[in-house]
Amino acid sequence: MTDRTAADLFGATTIRPPLDPELAPVEEARGAIFPPLTDETLREIRRLIAGGTPGLDSEALTAGGRVRVEERRVPGPEGAPDITVLILSPAEDRGPKGGILSLHGGGMIMGGRRDHVSHLLPHVIEGSAVVVSVEYRLAPDHPDPAPVEDCYAGLVWMAKNAAELGIDPERLLIAGVSGGGGLAAGAALLARDRAFPELSHQILICPMLDDRFETHSSRMVDREGVWDRDSNLYAWTSVLGERRGGPDVSPYAAPARAEDLSRLPRTYIDTGSAEGFRDEILTYAGRLSEAGVSVDLHMWGGGFHGFDMAVDHAAVSRASSATREEFIRRALGR
């Protein structure tokens with residue numbers, strides 16, 4: 001891995017909007033906990049994450065017996081190892097449900113299948129969804145195209161096994177957070193271009209879409225919080241190596257590079273106004289709309305990257321989560 005920093009490559013930071021007053025103290029505290037990303041600290045951070053997060057164990061995920069929790073090994077990409085998926089389904093079968101493929105965050109370099117599923121749990125409890133969360137391979141151990149191809153393989157498996165899972169094949173959603181949001185966008189492009197499966201919606205939560213660092217916001221968060229421009233540079237270089245920022249990057253790896261965004265599913269996409277991904281998200285949403293895709297875009301003033309999951313009690317976080325949950329309920333036909 002390179003030891004160059006974002007300052008070496010891109011120079012001084014640009015102006016960042018202020019953080020929401022309820023969010024600022026938490027972001028400052030989180031930034032003090034996690035060390036800067038390097039090859040050595042990545043292993044340490046992965047160990048911390050693997051130690052578990054309250055609310056993510058199997059007992060909590062069952063929601064008092066209302067949710068069935070299962071893990072399976074399913075076929076990976078052709079010529080690659082099988083992948084593990086976590087399946088959350090309603091304990092009481094009330095007929096066909098929507099299927100949500102969930103892709104965890106972590107910059108494509110950390111995290112696992114039990115991360116970032118709790119925000120989808122209400123839809124399983126209500127009986128309207130089955131959630132399938134993919135344990136995709138992580139960079140730099142497994143660089144592009146391994147992560148996005150694993151995610152697409154999980155999507156194909158879910159679609160092909162819709163009847164067994166109790167999923168209505170007309171209601172297939174893909175959802176991802178941060179790095180998982182970028183992978184969700186990439187897998188949606190793969191599904192369109194490979195003509196299977198047909199997605200009804202994509203839920204892109206503060207997605208990581210662009211490796212080029214050409215926008216104002218990509219350079220404005222420096223040595224603040226958990227995910228600044230150095231973290232982003234480390235992650236993209238882990239995924240793409242020396243190709244990062246150059247001409248030979250696939251749109252499936254960095255969806256902001258896709259020239260054609262037509263024929264993609266209805267899209268929910270959100271961002272905080274004070275996060276590094278802001279401009280690539282706003283641009284992607286605009287280009288989707290120009291290509292004829294129905295887009296629900298939300299930018300939350302004062303929000304840092306992943307604010308509504310990190311500080312769920314803040315007023316802006318409650319508004320963001322409620323807006324997203326309502327969109328997913330409508331997408332599931334409830």
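Is Phe327 buried or exposed? In this predicted model, Phe327 is buried, with a relative accessible area of 2%.

**Phe327 and its ring partner**

The ring of Phe327 pairs with that of Tyr268; the centres are 5.2 Å apart and the planes meet at 50°, so the pair is tilted. Tyr268 belongs to strand β7 and Phe327 to helix α12 (residues 315–331), so that the pair links distant parts of the chain, 59 residues apart. Tyr268 is also buried, at 0% relative accessibility. Phe327 is included in a second, separate nonpolar core of 23 residues, together with Ala63, Ile100 and Leu120.

**The other aromatic pair**

The count of aromatic pairs comes to two. Besides the tilted pair of Tyr268 and Phe327, Phe10 and Phe213 form a stacked pair. Phe10 is in helix α1 (residues 6–10), while Phe213 sits in the loop between β6 (201–205) and α9 (229–240); the pair therefore ties together parts that are 203 residues apart in sequence. Phe10 is buried, with a relative accessible area of 15%, and Phe213 is buried as well, with a value of 2%.

A pair of aromatic rings is described by the distance of the centres and the angle of the planes. The table gives both values.

| Pair | Centre to centre | Angle between planes | Class |
|---|---|---|---|
| Phe10 and Phe213 | 4.7 Å | 15° | stacked |
| Tyr268 and Phe327 | 5.2 Å | 50° | tilted |

**Strand β7 and its neighbours**

Strand β7, which holds Tyr268, has six of its seven residues buried, so the rest of the structure largely encloses this strand. On one side, β7 is joined to β6 by five bridges, and the two strands run parallel. Within this pairing, Leu204 has Ile269 of β7 as its bridge partner. The chain passes from β6 through α9 to β7 in a right-handed β-α-β crossover.

β7 (residues 266–272) also pairs with β8 (residues 295–300), again in parallel, through six bridges. Ile269 stands opposite Leu297 in β8, and Asp270 has His298 of β8 as its bridge partner.

**The largest core and helix α6**

In soluble globular proteins, nonpolar side chains tend to be buried together. Here the largest nonpolar core has 68 residues, and the residues with the most contacts inside it are Leu103, Ile109, Val132, Met158 and Tyr284. Helix α6 (residues 146–160) supplies the largest share of this core, nine residues.

Which residues does Leu103 touch, not counting those up to four places away in sequence? They are Val134, Tyr136, Cys151, Ile174, Ala175, Gly176, Val177, Gly180, Leu183 and Ala184.

Helix α6 is mostly covered, with 14 of its 15 residues buried. From its first C-alpha to its last, α6 reaches 21 Å, close to the 21 Å expected at 1.5 Å a residue.

Note on methods:
Residues are numbered from 1 along each chain as its sequence is written. This is a predicted model: local features need pLDDT of at least 70, side-chain atom pairs count only at pLDDT 80 or more; totals for chains, interfaces and linings use all residues. Side-chain values use heavy atoms; hydrogens and water are left out. A nonpolar core is a set of buried Ala, Val, Leu, Ile, Met, Phe, Trp, Tyr and Cys residues joined through side-chain atoms within 4.5 Å. Buried means under 20% relative accessible area, exposed over 50%, partly exposed in between (1.4 Å probe, protein chains only). Helices (H or I, at least four residues) and strands (E, at least two) are DSSP runs, numbered from the N terminus. Contact means heavy atoms within 4.5 Å. Two strands pair if DSSP finds at least two bridges between them. The expected span of a helix is 1.5 Å times one less than its number of residues. Rings of Phe, Tyr and Trp (its six-membered ring) pair if their centres lie within 6.5 Å; planes under 30 degrees apart count as stacked, over 60 as edge-to-face and the rest as tilted. A crossover is right-handed if, with the strands pointing away from the viewer, the path from the first strand over the helix to the second runs clockwise.
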